[in-house]
Amino acid sequence: MNSLFKTTGVSFLAGLAGAAVWTTINFSEAAHQDDFFPKNQTEVTFASQYRPSESVRSTAEAPISFVEASENSTESVVFIKNFSGTDPRRYSMFDYFFGGGGAPSQQVSTGSGVIISRDGYIVTNNHVIDRAETIEVVHKKRTYKAKLVGTDKNTDIAVLKIEETGLPAIKRGSSRDLKIGEWVLAVGNPFNLTSTVTAGIVSAKERQINILGGDFPLESFIQTDAPINPGNSGGALVNVNGELVGINTAILSRTGSYTGYGFAVPVDIAMKVSNDLIQYGEVQKAIPGIEAVEITPELAEEMNIQTLDGVIVTHVIKDGAAERAGLKRNDVITKLGSQAITGKGSFEEAISYYYPGDQLSVSYLRNGSAKTADLQLQNLEGGNGVIKREFYSSGILGARLEAVNTIEKDKFGVNYGIKITGLTRGYLRELGLREGFIITQVNGDPAKDPNKVGAYLEKFSGRLLLEGVASNGQPFMQSYNVR
């Protein structure tokens, strides 16, 4: 009888303990669920309800550590300071033209950058150095003055140069070989916190989130859940070997802080753009001569298209590469070269690796029938060669002046003009001109050469008459008294 009581008692206590543990586990899971799914919202099936086999568990385990990847990449990431506005130690050129104003002020913004060569070339985001009058780079507690080599708003990439040798250039990986589910590290210097490293996985590729400017925005982002916070922009996204696979660019957030979605420019795109800026001072963009859109289920049903992969041609540029190759509106492009096209992101990324003059095979559907064509890609001027566009940069004017290209001439209906880019505090901004404005006439004379127009405006005093087109296409004519 005593033995029976003992057995019953032990079993009862074990049952209570088991119930307590089960209650604790359920409570813990419920608390975790509430963090991500608001109450009364439809929930999904949780991973805890699935019990993988031992073989699946072993392949899903994280690497033992990210020490090697961190050691191979952190020394190649720098802190960047962007100084804009007026240096408090001196007056602006605006004071000489229009008289003194209020007290001078200066703004400082910061970001990160990645060393890509031992002799001082650094890649970062265009938005990190946007409107900068002075740029400083901090590496291993040393501060360098940086020269802006070039920028590309279409990809949000910029290249800087500092005068130093023997720098730890980062080892380059491949974004095209990167797989969804791979581990990656986000490396940056937010707020000059040296070598901040966070880990996550590649959540998706070829993402388009419609944040980039420029005339030909190229969005094919790597999406990651590696925490990226303000100040990480321009930093490195690296694989488990510490090889560069992307340039951290954006986060999707309602608060301004990381909420689970980060985006990076693929390294294969970033390096193509950077090499072009270093070698030519201009991105050598290859133009197929079409405009295209993503295939949605609604469009597929409306146009009787039997696939959701590819892009639909919505416009064929007159005398462009696509028209010469025989492509037409409503054709569905399914492959460029050997790369299958799954959507707008993969289409733009595939084109970005080519140069003007390259031959490219295109597979497409027309009324359900498979066809192929050969394109000879063109440059922004409608030709097949390398473009070396001339710029006139002026601190007095607070802008960079450049001649309009063929596509801009067609878009704005002008035969020539000088476009205002890189606008900062200076003469042109005080006149009321804005980024993207195209000057076609200066005091009645055609504006064709950026060097002549820039030098003329810097020295001119008296009554100034400017004519042109605003970035929204509206014509503009305004006179000023300049002294």
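This is a predicted model: local features need pLDDT of at least 70, side-chain atom pairs count only at pLDDT 80 or more; totals for chains, interfaces and linings use all residues.
View 1. Residues are numbered from 1 along each chain as its sequence is written, and side-chain values use heavy atoms, with hydrogens and water left out.

**View 2. Helix α12 has a buried face.** Helices (H or I, at least four residues) and strands (E, at least two) are DSSP runs, numbered from the N terminus. In α12, which covers residues 450-459, the buried residues are Pro450, Val453, Gly454 and Leu457. Looking down the axis, they fall within an arc of 95° (taken from the directions from the helix axis to the C-beta atoms), so they line one face of the helix. Over on the other side, Lys452 and Lys459 are exposed. Buried means under 20% relative accessible area, exposed over 50%, and partly exposed in between (1.4 Å probe, protein chains only).

**View 3. Asp331 sits in a loop.** The loop in question runs between α8 (321-325) and β15 (332-336). Asp331 is buried, at 1% relative accessibility, and its side chain reaches the backbone nitrogen of Lys328 at 2.8 Å. Setting aside residues up to four places away in sequence, Asp331 touches Val311, Ile312, Val313, Tyr364, Leu365 and Arg366; contact means heavy atoms within 4.5 Å.

**View 4. Phe66 and Trp183 form a tilted aromatic pair.** The structure has four aromatic pairs. Here the ring centres are 5.4 Å apart and the planes meet at 50°, so the pair is tilted. Rings of Phe, Tyr and Trp (its six-membered ring) pair if their centres lie within 6.5 Å; planes under 30 degrees apart count as stacked, over 60 as edge-to-face and the rest as tilted. Phe66 is in the loop between α2 (54-60) and α3 (67-73) and Trp183 in strand β7, so the pair ties together parts 117 residues apart in sequence.

Conventions
A polar contact is a pair of N or O atoms within 3.5 Å; within protein, one must be able to donate a hydrogen and the other to accept it, and residues adjacent in sequence count only if both atoms are side-chain atoms.
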